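Here's a quick briefing to read with the model open beside you.

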Amino acid sequence: MAGDFSLPESADESVKEIIEYWSSLCDGDILPDRADIDPVEIPLLLPGVTLAEVERDPWRFRFRLMGSEVILHYGRNLTGEWMDAAFPNFPSALTKADLIRTAESGAPNYRIGQPQLTYEKSYVQIERVMLPFRNRGEDVGIVLIYSLLE
């Protein structure tokens with residue numbers, strides 16, 4: 001789980017805050033469930049939050065919720081859409097590999113750099129963390145993605 005995860009000291013305070021929130025929901029080695037997410041506890045972070053549903057065999061990911069800053073970045077609300085349908089480059093993007101790694105390991109995944117799904121916005125810098133949640137089961141069923149777009 002989160003034991004091997006380390007965040008760079010230079011990470012934005014909001015990224016540290018969402019990870020602290022996620023950690024507070026973990027019960028030892030048991031990942032938090034999607035139902036544990038309480039938006040009232042993280043109101044200032046919500047604009048950067050995306051919830052992605054995890055499907056296995058084959059791996060697919062569907063947008064279940066998008067914060068207002070994420071919608072602005074993509075130029076539209078993709079809630080309900082599959083990532084591979086919304087972004088033709090998704091199958092080969094680092095984002096897909098990071099989502100799979102998060103779903104398989106049950107550990108957070110952090111990255112800073114250019115967005116992988118919106119090449120036309122190559123001037124944008126993204127700092128993001130993926131946090132695993134169960135969805136009424138034992139396996140990771142939801143990944144909370146917190147993105148800070150600059």
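This is a predicted model: local features need pLDDT of at least 70, side-chain atom pairs count only at pLDDT 80 or more; totals for chains, interfaces and linings use all residues.

Numbering runs from 1 along each chain as its sequence is written, and side-chain values use heavy atoms, with hydrogens and water left out. Helices (H or I, at least four residues) and strands (E, at least two) are DSSP runs, numbered from the N terminus.

**The core**

- The largest nonpolar core has 40 residues. A nonpolar core here is a set of buried Ala, Val, Leu, Ile, Met, Phe, Trp, Tyr and Cys residues joined through side-chain atoms within 4.5 Å; buried means under 20% relative accessible area, exposed over 50%, and partly exposed in between (1.4 Å probe, protein chains only).
- The residues with the most contacts inside this core are Ile18, Met83, Leu99, Leu131, Phe133, Leu144 and Tyr146.
- At least two core residues come from each of α1 (13-25), β1, β2, α3, α4, β4 and β5, and β5 gives the most, with seven residues.
- Take Ile18: leaving out residues up to four places away in sequence, Ile18 touches Ile42, Leu45, Val49, Val129, Leu131, Leu144 and Tyr146. Contact means heavy atoms within 4.5 Å.
- As background, nonpolar side chains tend to be buried together in soluble globular proteins.

**Helix α4**

- Thr95, Asp98, Leu99, Ile100, Thr102 and Ala103 are the buried residues of α4.
- Those buried residues pack against β1 (49-55), β2 (60-66), α3 (83-86), β3 (109-113), β4 (126-134) and β5 (140-149).
- Lys96 also sits in α4. Setting aside neighbours within four places in sequence, Lys96 is in contact with Trp59, Phe61, Phe90 and Pro91.

**Aromatics**

- The structure holds five aromatic pairs. Rings of Phe, Tyr and Trp (its six-membered ring) pair if their centres lie within 6.5 Å; planes under 30 degrees apart count as stacked, over 60 as edge-to-face and the rest as tilted.
- Phe61 and Phe90 make an edge-to-face pair, with ring centres 6.3 Å apart and planes at 70°. Phe61 is in strand β2 and Phe90 in the loop between α3 and α4, so this pair ties together parts that are 29 residues apart in sequence.
- Phe61 counts as buried at 1% relative accessibility, and Phe90 counts as buried at 2%.
- Phe63 and Phe87 are edge-to-face as well, with centres 6.4 Å apart and planes at 70°. Phe63 lies in strand β2 and Phe87 in the loop between α3 and α4, so the parts tied together here are 24 residues apart in sequence.
- Phe63 is buried at 2% relative accessibility, and Phe87 is buried at 7%.
- Ring pairs also link Trp59, Phe61 and Phe90 into a cluster.
- Arg60 lies over the face of Trp82, 4.1 Å from the ring centre. The test is NZ of Lys or CZ of Arg within 6 Å of the ring centre and within 35 degrees of the ring normal.

**Strand pairing around β5**

- β5 is mostly covered, with nine of its 10 residues buried.
- Nine bridges join β4 to β5 in an antiparallel arrangement, and Arg128 has Ser147 in β5 as its bridge partner. Two strands pair if DSSP finds at least two bridges between them.
- β1 and β5 are antiparallel too, over five bridges, and Glu53 stands opposite Ile142 in β5.

- For reference, most residues other than glycine have a negative phi, and most peptide bonds are trans.
- The peptide bond from Asp57 to Pro58 is cis, with omega near 5°.
- Asp57 is in the loop between β1 and β2 and has a positive phi near 60°. At 77% relative accessibility, Asp57 counts as exposed.
- β4 and β5 form a hairpin with five residues between them, and Arg136 in the turn has a positive phi of about 60°. Arg136 is exposed, with a relative accessible area of 72%.
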